There are 2 protein chains.
Amino acid sequence: MGNQDIKIKKLPIGIFDSGIGGLTVVRAIRKLLPNEDIIYLGDTARVPYGTKSPETVKRFALEDAAFLIRQNIKAIVVACNTVSSWALPDLEREYDVPVMGVIEPGVKTALEKTKTYRIGVIGTNATIRSRTYVTAIKSLRRNTAVFSKPCPLLVPLVEEGWINHPVTHEVLKIYLKPLIKKNIDTLILGCTHYPLLKNQIKKIVGEWITIVDSAEACANYIKKELSAKNILNPVAERQGKLIAYVTDSPDHFTHLADRFLGNPIEMVWKAELK
Amino acid sequence: MGNQDIKIKKLPIGIFDSGIGGLTVVRAIRKLLPNEDIIYLGDTARVPYGTKSPETVKRFALEDAAFLIRQNIKAIVVACNTVSSWALPDLEREYDVPVMGVIEPGVKTALEKTKTYRIGVIGTNATIRSRTYVTAIKSLRRNTAVFSKPCPLLVPLVEEGWINHPVTHEVLKIYLKPLIKKNIDTLILGCTHYPLLKNQIKKIVGEWITIVDSAEACANYIKKELSAKNILNPVAERQGKLIAYVTDSPDHFTHLADRFLGNPIEMVWKAELK
């Protein structure tokens, strides 16, 4: 194996999101691949992407990825459902490194878990409107019934910190009831904020509906893909570093980060995208 | 009076906001000054401003105002509490036309209405954190007790269309209860989305608390200021035109606009800020 190959393996994984939610993906990756370095970019100056048009989301995504590429990374992880819905082909066309989103892993996991092939998907307005989950599921198995529900209030509720709050429980009941009525047996959490509501959601949907956490599914997928491409970091006995960049002031991000990451974040810098 | 003066009077008023909420100000202005032309800019590609840092908000505000100035306007109305909190001095320094925000009119109206000088203010996280309302009120009358409460869930609830919804009622009760307990007699709605919730809020705070709608207060203030500067449009018997620009795709904006404006919007164009 050449020096060049070793060098590539030791490069960090680049991850970006419209804001802070992608840290749930970082958390899942660090649990599964603790020795990998990670560079995270949260575009907090322009968050959220979920309410914006495909053209605008594509433009933002290309700018975000260009920033990560300049940091010298071995792969791009798009930890944002909206970008994964609209912009993956553009990113793949533009860059040589592997590009991985959160949709495909969630979809594949859901199709492994479901027995009745009745799958529910929740996400932001943009993710659901894009019909990307429906298209991705049906392209892998045509005879699957997919039921989607946009849940635009869940991100603000999580960011308000109302995780175990009666209002959140009420909102979740309103959003999830139509899906439960459709007799789904699997529910994809199609937004990186939603893993924080997993326990609340479990209480409402009950034991017989399997919840697919797209952050966990994405981490498993990344491990498999990097392994297949033989670019996993070979040095196992080290603790990977996490450096986070944000496009707005780091204060607010740093304050919220531990809720998503599971522990405090140390290095947060301001990024200039252009 | 010279031709030049007449020309200035006939120019449109330029209004900008981070997104769609500023249309409640447009609505109030059109009611009060139906013969004025209005050019509106909603920075829907970067909405919301309320969660972003002062530096980022200032940068965005200068770009928004520059766009309006290029359309040839006689005054700038900042129909956004966050921008009015952080960026008015920067805008006044940069441009020669009158610059009017939403804070001062709301504050002056509240001080006219209050009898006990115990005033409540609700707004986004950024507006409340900026303490601009507190500072503005106390600079006009020092011995005033001001009680503020950030209400970050109200904008998403309005945009979800849950105006007369039990969840919104519950959230409002949680947000307003601490203010009611402080025995306020006047409540400033410090966010352009909140006039849509005025009836719901009235039900909760009761008859003895006066609600100050900052959109209405702002319209009254604009009329007074333009009149004092002698640049009101002198042609009374005409219906003013409204042209709206947005930085993201017009579709979503057009769809939501009539909820804020009270009637459908006709001309919405995509704006390029740079």
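**Briefing: helix packing, sheets and the A–B contact**

Helices α6(A) and α12(A) are roughly perpendicular to each other, because their axes cross at about 100° and angles of 65 to 115 degrees fall in that class. The model described here is predicted. In each chain, six strands form an open sheet with parallel pairing, as listed for chain A and for chain B. Chains A and B also touch, with 18 residues of chain B in contact with 18 residues of chain A.

**Helix packing in chain A**

- Helix α6(A) covers residues 103–113, and helix α12(A) covers residues 214–228.
- Their axes lie 8 Å apart.
- On the α6(A) side, the contact uses E104(A), P105(A), G106(A) and T109(A).
- On the α12(A) side, the partners are S214(A), A217(A), C218(A), N220(A) and Y221(A).
- By class, this contact has four nonpolar, four polar and one charged residues.

- On the side of chain B that touches chain A, α3 (54–70), α9 (154–159) and α10 (166–181) of chain B each supply at least two residues.
- The largest share of that side comes from α10(B), with three residues.
- That side of chain B has seven nonpolar, five polar and six charged residues.
- Helix α10 (residues 166–181) of chain A meets α10(B), and the two axes come within 11 Å.
- These axes cross at roughly 170°.
- The two helices are therefore roughly antiparallel to each other, since the crossing angle is over 145 degrees.
- From α10(A), the contact is made by V167(A), E170(A) and V171(A).
- From α10(B), the contact is made by V167(B), E170(B) and V171(B).
- The residues of this helix contact divide into four nonpolar, no polar and two charged.

**The sheet of chain A**

- The strand order is β4-β3-β1-β2-β9-β10 in chain A.
- The edges are β4 (99–100) and β10 (267–270) of chain A.
- Each of these edge strands has a single partner strand, so one side of each is left without a neighbour in the sheet.
- Strand β2 (residues 38–42) of chain A pairs with strand β9 (residues 242–246) of chain A in the parallel sense.
- Five bridges make up the pairing of β2 and β9 in chain A.
- L41(A) stands opposite Y245(A) of β9(A).

**The sheet of chain B**

- The strand order is β4-β3-β1-β2-β9-β10 in chain B.
- The edge strands of chain B are β4 (99–100) and β10 (267–270), and each pairs on one side only.
- Strand β3 (residues 75–78) of chain B runs parallel to β4(B), joined to it by two bridges.
- I76(B) has V99(B) of β4(B) as its bridge partner.

**Nonpolar core**

- The largest nonpolar core has 166 residues.
- Residues with the most contacts inside this core are V25(A), V25(B) and V78(B).
- Leaving aside residues up to four places away in sequence, V25(A) touches I15(A), V77(A), A79(A), V102(A), T192(A), A215(A), C218(A) and A219(A).

**Cis peptide bonds**

- In chain A, the peptide bond from V47(A) to P48(A) is cis, with omega near -5°.
- P48(A) sits in the loop between β2 and α3 (54–70) of chain A.
- In chain B, the peptide bond from V47(B) to P48(B) is cis, with omega near -10°.
- P48(B) sits in the loop between β2 (38–42) and α3 of chain B.

- N183(A) is a residue other than glycine with a positive phi, near 60°.
- N183(A) lies in the loop between α10 and β7 (186–189) of chain A.
- N183(A) counts as partly exposed because 13 C-beta neighbours lie inside 10 Å.
- Y117(B) is a residue other than glycine with a positive phi, near 55°.
- Y117(B) lies in the loop between α6 (103–113) and β5 (118–123) of chain B.
- Y117(B) has 16 C-beta neighbours inside 10 Å, so Y117(B) counts as partly exposed.

How values were computed
Residues numbered from 1 in each chain as written. Chains lettered and ligands numbered in written order. Predicted model: local features only at pLDDT ≥ 70, side-chain atom pairs only at ≥ 80, totals over all residues. Contact = placed C-beta atoms within 7 Å. Helix = DSSP H or I, 4+ residues; strand = E, 2+ residues; numbered from the N terminus. Nonpolar A, V, L, I, M, F, W, Y, C, P; charged D, E, K, R; others polar. Pairing = 2+ DSSP bridges. Axes fitted to C-alpha atoms, helices over the stretch in contact; angles between N-to-C directions. Parallel < 35°, antiparallel > 145°, perpendicular 65-115°, else oblique. Buried ≥ 20, exposed ≤ 12 C-beta atoms within 10 Å, placed from the backbone. Core = buried A, V, L, I, M, F, W, Y, C linked by C-beta atoms within 7 Å.
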